[in-house]
Every structure is written in C-alpha cells, then in structure tokens.
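Here is a short briefing on selected features. Please look over the sequence and structure first.

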Amino acid sequence: MTIPNIKPIELSELPAGPETGTHLVDIDHLPDHGGKELIYTEGDLRTSILIQKTGDIVGVFLNHCPHAGTPLNMFGHRFLDASGKYLICRTHGALFNPESGICVRGPCVGQTLRPVAHTIRSGSIYSA
Ligand code: FES
C-alpha cells in the first residue's frame, strides 16, 4: 500500500486538540473492524478524530471528509462500509482506504483524509 506523503497533523495544533502525549485508545479495546470517534471541545471549538482498526491496520485520521468537510460518521463509532474494507463518508458515500486514507470511490477520488500524528506504545495509541 502506498501511503501518500502528507504530513500528519498534530492534535495539539487543532482547536481544542489535546496536548502531545495524550492517551487516545488501547488497541485491544477496539474490536477487529471496530472504530472509535474522539471529540475534543473547548467552548465553541471542536475537533473530531477517528481511529479505525481493520485487521492489523490501525488508522488515525481527522474525521473530516475532503469533499465537503462533514464528519464521515452520522453518529456513533461506525466508519466502515458494508464490505468492511473501506471507510465510508455517510454524506455522499465516498470510500477511503483505511490505511492510506486515500479516496478510492466517490466525489473526492484521489484526495486523502488527513492523518493524525500518533505513536503506539505498549498496545496504546497516543497523540504525537
Ligand atoms: S462530504 Fe464526504 S463524500 Fe461528500
């Protein structure tokens, strides 16, 4: 899988984003093909990220579709399409590779979800 050369964004740069080194999730707490949305707020500021486990792959992206800027999920922590192979944007149905974040079908083909800088230590994911 080719990963696009896009600099991952640091959560601490984002509105209401947590500081570097913040614990995001324990990978074991994600079921296979399970996802998690994390929302950070401060007053009117809001940042949402998605963490998706697909087999051995764990992707961490801003929950912000490159097509029209909506969150991928309508509600809850569900990000995969019915096939379980792709992240899906519920607004217009764009499909994204869960490892690279590249849109492979839909109105923003070739564009990419913005990866979030993170580290994995002892089975847990932390912001980096
Ligand atoms: S906003 Fe995601 S496909 Fe249109």
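Predicted model: local features only at pLDDT ≥ 70, side-chain atom pairs only at ≥ 80, totals over all residues.

Is S127 buried or exposed? S127 is buried, at 2% relative accessible area.

**Surroundings of S127**
- S127 belongs to strand β9, which spans residues 124-127.
- Its side chain reaches the backbone oxygen of E19 at 2.9 Å.
- Leaving aside residues up to four places away in sequence, S127 touches L11, E19, T20, G21, T22, L24, A117 and H118.

**The open sheet**
- Three strands make up an open sheet, ordered β5-β6-β7, with antiparallel pairing.
- The edges are β5 (87-88) and β7 (103-105); each has a single partner strand, so one side of each lacks a neighbour in the sheet.
- Strands of a sheet pair through backbone hydrogen bonds.
- β5 and β6 (residues 95-96) run antiparallel and are joined by two bridges.
- L87 has F96 of β6 as its bridge partner.

**Cysteines**
- The whole structure contains zero disulfides.
- For C108, the closest cysteine sulfur is that of C103, at 3.6 Å.
- That separation is too far for a bond, because a disulfide requires sulfur atoms within 2.5 Å.
- C108 is buried, at 0% relative accessibility.
- C89 is also buried, with a relative accessible area of 2%.

Note on methods. Residues numbered from 1 in each chain as written. Heavy atoms only, no water. Pairing = 2+ DSSP bridges. Helix = DSSP H or I, 4+ residues; strand = E, 2+ residues; numbered from the N terminus. Buried < 20%, exposed > 50% of the residue type's maximum accessible area, 1.4 Å probe, protein only. Polar contact = N/O pair within 3.5 Å; in protein donor to acceptor, adjacent residues only side chain to side chain. Contact = heavy atoms within 4.5 Å.
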